[in-house]
Every structure is written in C-alpha cells, then in structure tokens.
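Below is a walk through one protein chain, from overall dimensions to a single side chain. Please keep the sequence and the model in view while reading.

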Amino acid sequence: MVEEKGKHVFFITFDSCKYCDNVQSILSQISKSENIEIYYLDATKEKEEVSNIIINLGYEDGLTITPFVLIVEHNKYIDSIIGMADKDLYTNKFTEYGLIK
C-alpha cells in the first residue's frame, strides 16, 4: 500500500457516486492549501480489491459506502469519515490527527 511510515489519508470513490465529486473537490482544496497528500482509490472496477485493501488496513467492514475517507497510521486504520461532510469536518479531523499543523 503506502511504504512510508506515518499518517496518511485515503479517499475511496466510485464513478457513480454523486457525492464523491463534491468530496474530491473539498479534499483537493485541503490538500493544496495544507500541503498534505491524499491517496485516491477508485473502486469502480475493482470494488473487491479496494475492499480488501481497506480490510488489510484494519477497517473490518471493508468498503460499504462512498464517499469514504480513511485515516491510517503506519498502515493501520485509526479513523474514518463515511459519507459526505463539509470542509470544516475534514479539516478538523485532519488537524486532530496532526495531518494539518
């Protein structure tokens, strides 16, 4: 998955997810303004593979709904945001975990 240690953000999306475009725009803004890398996983064609990646990171339910934002530390799940949220929620969550200083 991600070779380097530390905390990372994964954004899981489907082409048919109408809310995912909005979340992707919000995450792109945050990524640029706060200089954090966000890994995008498109589950459109490989839902089972992406679900297995999520399970291997420690989120036992796998992929159930999108948009889905997963926060990991040292390649292990620590928190998530499921469904659509506003920019403040993402910013606050990323700040809580030290991804934004």
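**Burial and overall dimensions**

Of the 101 residues in the chain, 45% are buried, where buried means under 20% relative accessible area, exposed over 50% and partly exposed in between, with a 1.4 Å probe and protein chains only. This is a predicted model, in which local features need pLDDT of at least 70, side-chain atom pairs count only at pLDDT 80 or more, and totals for chains, interfaces and linings use all residues. Residues are numbered from 1 along each chain as its sequence is written, and side-chain values use heavy atoms, with hydrogens and water left out.

The radius of gyration of the chain is 13 Å, which agrees with the value near 13 Å that a compact globule of 101 residues would have; the radius is taken over C-alpha atoms, and the globule rule is 2.2 Å times the number of residues to the power 0.38. Along the principal axes, the C-alpha atoms fill a box of roughly 35 × 30 × 20 Å. The accessible surface is about 5,900 Å², 44% of it belonging to carbon and sulfur atoms; the areas come from the Shrake-Rupley method with a 1.4 Å probe. Among contacts (heavy atoms within 4.5 Å) between residues at least 6 apart in sequence, 56% join residues at least 24 apart.

The chain has three helices and four strands, and from the N terminus on its elements run β-α-β-α-β-β-α. Helices (H or I, at least four residues) and strands (E, at least two) are DSSP runs, numbered from the N terminus.

The four strands form an open sheet with mixed pairing, in the order 2-1-3-4; two strands pair if DSSP finds at least two bridges between them. Strand 2 (38-42) and strand 4 (76-82) are the edge strands, each pairing on one side only. Neighbouring strands of the sheet are turned by 25 degrees against each other on average, direction ignored; the axes are lines fitted to C-alpha atoms.

Strand 3 (residues 68-73) and strand 4 run antiparallel and are joined by six bridges. Phe 68 stands opposite Ile 82 in strand 4.

Strand 4 also holds Asp 79. Is this residue, Asp 79, buried or exposed? Asp 79 counts as buried because its relative accessible area is 14%. Leaving out residues up to four places away in sequence, Asp 79 touches Val 69, Leu 70, Ile 71, Lys 93 and Tyr 97. With Tyr 97, the side chain of Asp 79 makes a side-chain to side-chain polar contact of 2.8 Å. A polar contact is a pair of N or O atoms within 3.5 Å; within protein, one must be able to donate a hydrogen and the other to accept it, and residues adjacent in sequence count only if both atoms are side-chain atoms.

Terms used: Axes are lines fitted to C-alpha atoms, for helices over the stretch in contact, and angles run from 0 to 180 degrees between N-to-C directions.
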